[in-house]
Amino acid sequence: MKQISAQMITWDPREDETYLNGSQIKLTETGVSFKNELMSPGKALVTWHSQENYQASRRIPKLPLLQRNTRYHLKLKAHFPVQGTVYLKLSFYSHFGELIATEFIKEKTGSFVYPKDAYEYKLELINAGVKELDFEHLLITDESLISGTDHWYQKST
C-alpha cells in the first residue's frame, strides 16, 4: 500500500454536513467564511465521515482511511478572533456502529491514535463560543512522517 504524506480535508457547505440554522456561509478563495451570532456552544459547525452510504446520502467520504494502532497528526488551518472557541472532535466506531472512543483536540494542532478496534471515524469542528470563522482546510498525516518539525506542509503561493 502506498502511503500518502498528508491528506487535505476541505469544507464544502454544499456537500458536507454543515450547521445551517441562522448561519451565514460563503465560499471564499481560500475556503469558507462562517458567521453565526446565535449558535449554541457544543454544536458541530461541520462534520466529515470516513465511511458513507452513497445510496442514502449521495456523498463520498471526505476522510482518509487510517491504519489501526497508528498515531496521526491533525492540523487546523483556520482564522477566528478568539482562540479556544473552536475544537476538533474525533469519534471512532466499531464495525457494528458502536462508539469505541472519542478524542478532543482543543488547539489548532494535535495528535491521536486510531484505535485497534475501529472500523470508521467521524471528525467534527465544534463551536466552543465562536461567532465567526474563516476555514481553509485540515491536514492529517501519519505522525511518524513529521520528524518533529512543522515543515511537513508548506503552502505554495
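Asn 69 is exposed, with a relative accessible area of 55%; exposed means over 50%, buried under 20% and partly exposed in between, with a 1.4 Å probe and protein chains only. The phi of Asn 69 is positive, about 60 degrees, although the residue is not a glycine. Most residues other than glycine have a negative phi. Asn 69 belongs to the loop between helix 1 (54-57) and strand 6 (71-79). Helices (H or I, at least four residues) and strands (E, at least two) are DSSP runs numbered from the N terminus.

This is a predicted model, in which local features need pLDDT of at least 70 and side-chain atom pairs count only at pLDDT 80 or more, while totals for chains, interfaces and linings use all residues. Residues are numbered from 1 along each chain as its sequence is written, and side-chain values use heavy atoms, with hydrogens and water left out.

An open sheet of five strands has the order 2-5-10-7-8, with antiparallel pairing. Strand 2 (17-18) and strand 8 (99-105) are at the edges with a single partner strand each, so one side of each has no neighbour in the sheet. Two strands pair if DSSP finds at least two bridges between them. Strand 5 pairs antiparallel with strand 10 (residues 120-127) over five bridges, and two bridges join strand 2 to strand 5, also antiparallel. Six of the six residues of strand 5 are buried. Residues that stand opposite each other include the following.

| Residue | Opposite residue | Strand of the opposite residue |
|---|---|---|
| Val 46 | Leu 125 | strand 10 |
| Thr 18 | Val 46 | strand 5 |

Strand 5 (residues 44-49) also gives the largest share of the lining of the largest cavity, three residues. A cavity is a set of points on a 1 Å grid over the protein atoms alone where a 1.4 Å probe fits but cannot get out, and lining residues have an atom within 4 Å of a point. The count is one cavity of 30 Å³ or more. The largest cavity has a volume of about 60 Å³, volume being the space filled by probe spheres set on the points. Among its lining residues are Glu 15, Asp 16, Thr 47, Trp 48, His 49 and Arg 59. By class, the lining has three nonpolar, two polar and six charged residues.

The mean pLDDT of the protein is 87, and 87% of its residues reach 70 or more; pLDDT is the predictor's confidence in each residue, from 0 to 100. Over residues 149-157 pLDDT stays under 50. Where pLDDT is low, the predicted coordinates should not be read in detail.

Key:
1 Å grid on protein atoms, 1.4 Å probe; cavity = no way out; pocket = protein on both sides within 12 Å on 5 of 7 lines; lining within 4 Å. Nonpolar A, V, L, I, M, F, W, Y, C, P; charged D, E, K, R; others polar. Contact = heavy atoms within 4.5 Å.
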